[in-house]
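Please go through the structure below with the text alongside.

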Amino acid sequence: MEMISSFADSPYELLLTALSLIPITHYVIGIALVSIVMIYDFLEFHIVEDLLSGFRGQRVDLTFNSCSQLYHDVVSKCNLLHGRYMSTPWLSSPHLQTTFLRFFGRPPVFNYRREVLSTGDGGIVALDWLARSDVMEKEDMGNDEVHEDADTPIVIVIPGLTSDSDSVYIKHLTFYMAKRGWNVVVSNHRGLGGVPLTSDFFYNGGWTEDLRKVVQHIRSQSPEVPLFVVGTSLGANMMVKYLGEDGDDILIDGAAAVCCPWDLLLCDRFIGRNVVQRFYDKALGAGLKRYAKKHQDFFTRLSDWDGIEKACRVREFDTSGTCRVGKFDTADIYYRESSCVGYVGCIKVPLLCISALDDPVCTKDALIWDECRVNKNIILATTQHGGHLGYFDGMDAKGVWWVRAVDEFLTVLGSSKLIKRQNKMPKSLLAGPQKSLSDKDPHVGFVKKTDNQIHLDNLPKMGKIFVEAQGSETLSRIDSILFFLKRFMDQF
């Protein structure tokens, strides 16, 4: 009885005695296992899922209207969109995919040819061109492939928030598509790409007028050439909004939206939800502050500069900067009015949308599932993994899946009967026959482009500025069709 009472009086002593008998190595192993599980869950790793699938990846899910001619004539012939996406095994986390893109993306090395376009309100945007002849060695190109740059089909690329033509993912896209034969032009946002802010306005997530000017300018120079647009991240939001605003009057033949936020207000709530998302929020906010400091005179004069200096989040910057310059009463009003989701139903041209369900920046809750089932012109392709604009695949992480998927889609689309070339082009915008990028006329000048900077001393005398331009005679519409047919056959 005394022994039982003794044990009953000191249960904690017995517990500590028992725990002291467990080897310390077992504790270390246990703590390590718990830490691994917590990190695995915290960073959303999926290596176990990949292992169970035999590293075959997950199928790409397509959402579309069952009567969609776009699906039956184009997407049904796209192998990548009907296959699987398997991320690089050692990047099996959306956060690793996204950060690897930013810091270790290994962009290709090449030089753009620059054109500076006036927007009409005193502002300017830099258009950076890249063609096959810019990225291929002459000995690698057959005599019949040395075409005039201005006559091959054109793809306009719209970068994301604070990104420009030198951003890693933009370089991956432009280089790949130029090497495949496209004529690619990156439309840098105002104040980015090394150009100054020359008007009392800078871009925002809902600003589409600059894109409209760029499309009109390029279409006026190349009325016979198929013209497409690819928007990424916030640039995709701007592009989709532009497509919906112009509706039947749109001047392009097709488009692709990659990692589009769709609803800026939902994404604002999402990006401040937890510790990991707040990391991206602060990183994007820091990028906006760097942009503002490059144009400090502008923001000091037109916005709340003290608020911008104190801003740590995107919302705080938008409140002190974007809303002041864009005349929005609050950040929520800006997000609601600038979101592209309300314009999806008015889109009249073929549009491919690519999004990852584990995107750490743009929430899957904003995806346009129902809208795609209604609008026959839209195909939504979703993958389980990929991060935000990451999508690295292969063991060496040299490939970017969404870049190849966009190229394949536009190639098949270009060879289909769905594209409408210049039949909608207003006569007032036609600028005569297409010209080589090196054809000199009274409105064309040449300057040197160094480290993405341009010299603007003689800008008022120029309507356009090109760098390292070259070209020859124009091709006919038949040549454009043959180009697409050749590209389409290369898919098989």
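The expected span of a helix is 1.5 Å times one less than its number of residues. Helix H12 (residues 275-294) has 20 residues and should therefore span 28 Å, and the 29 Å between its end C-alpha atoms agrees with that. Helix H3 (residues 24-42), with 19 residues, should span 27 Å by the rule of 1.5 Å a residue, and its end C-alpha atoms are 27 Å apart, which agrees. After H3 comes Glu44, with a positive phi near 55°. The model discussed here is predicted.

The chain has 19 helices and 17 strands. Of its 492 residues, 55% are buried. Its accessible surface is about 22500 Å², and carbon and sulfur atoms account for 57% of that surface. Among contacts with a separation of 6 or more, 77% join residues 24 or more positions apart.

Which residues of H12 are buried? They are Val276, Gln277, Tyr280, Asp281, Gly285, Gly287, Leu288, Lys289, Tyr291 and Ala292. An α-helix has 3.6 residues a turn, so residues three or four places apart point the same way. The buried residues of H12 pack against H3, H6, H11, H15, helix H13 (296-302) and helix H14 (305-310).

Two packed helices are described by the angle between their axes and the distance between the axes. For helix H15 (residues 314-326) and helix H16 (residues 331-338), the angle is about 85° and the axes are 9 Å apart. Angles of 65 to 115 degrees count as roughly perpendicular, and H15 and H16 are therefore roughly perpendicular to each other. On the H15 side, the contact is made by Val314, Arg315, Asp318, Thr319, Thr322 and Cys323, and on the H16 side by Ala331, Asp332, Tyr334 and Tyr335. By class, this contact of H15 with H16 has five nonpolar, two polar and three charged residues.

H11 packs on H16 at an angle of about 130°, with the axes 7 Å apart. H11 and H16 are therefore oblique to each other. Here Leu264, Leu265, Asp268 and Arg269 of H11 meet Asp332, Tyr335, Arg336 and Ser338 of H16. The residues of the contact of H11 with H16 divide into three nonpolar, one polar and four charged.

Another helix pair is formed by helix H9 (residues 209-221) and H10, whose axes come within 9 Å and cross at roughly 70°. Leu211, Arg212 and Val215 of H9 meet Met238, Met239, Tyr242, Glu245 and Asp246 of H10. The contact of H9 with H10 has five nonpolar, no polar and three charged residues.

Helix H10 (residues 234-246) also holds Leu243. Is Leu243 buried or exposed? Leu243 has 1% relative accessibility and therefore counts as buried, the cut-off being under 20%. Beyond its neighbours within four places in sequence, Leu243 is in contact with Ile250, Ile252, Ala255, Cys346, Ile347, Val349 and Leu351. Of these, Val349 is 106 residues from Leu243 in sequence, while their C-alpha atoms are 7.8 Å apart in space.

Trp262 sits in the loop between strand E9 (254-258) and helix H11 (264-271). Trp262 is not a glycine, but its phi is positive, about 65°. With a relative accessible area of 1%, Trp262 is buried. Arg106 is placed in the loop between helix H6 (94-104) and strand E4 (113-118). Arg106, also not a glycine, has a positive phi of about 50°. Its relative accessibility is 44%, so Arg106 counts as partly exposed.

Cys67 is in the loop between strand E2 (61-63) and helix H5 (69-73). At 52% relative accessibility, Cys67 counts as exposed, since exposed means over 50%. How far apart in space are Cys67 and Val374, C-alpha to C-alpha, given that 307 residues lie between their positions in sequence? The distance between Cys67 and Val374 is 9.6 Å.

Key:
Residues are numbered from 1 along each chain as its sequence is written. This is a predicted model: local features need pLDDT of at least 70, side-chain atom pairs count only at pLDDT 80 or more; totals for chains, interfaces and linings use all residues. Side-chain values use heavy atoms; hydrogens and water are left out. Axes are lines fitted to C-alpha atoms, for helices over the stretch in contact, and angles run from 0 to 180 degrees between N-to-C directions. Helices (H or I, at least four residues) and strands (E, at least two) are DSSP runs, numbered from the N terminus. Angles under 35 degrees count as roughly parallel, over 145 as roughly antiparallel, 65 to 115 as roughly perpendicular and the rest as oblique. Contact means heavy atoms within 4.5 Å. Ala, Val, Leu, Ile, Met, Phe, Trp, Tyr, Cys and Pro count as nonpolar, Asp, Glu, Lys and Arg as charged, and the others, Gly among them, as polar. Buried means under 20% relative accessible area, exposed over 50%, partly exposed in between (1.4 Å probe, protein chains only). Accessible areas come from the Shrake-Rupley method with a 1.4 Å probe; for residues, only the protein chains shown count as cover.
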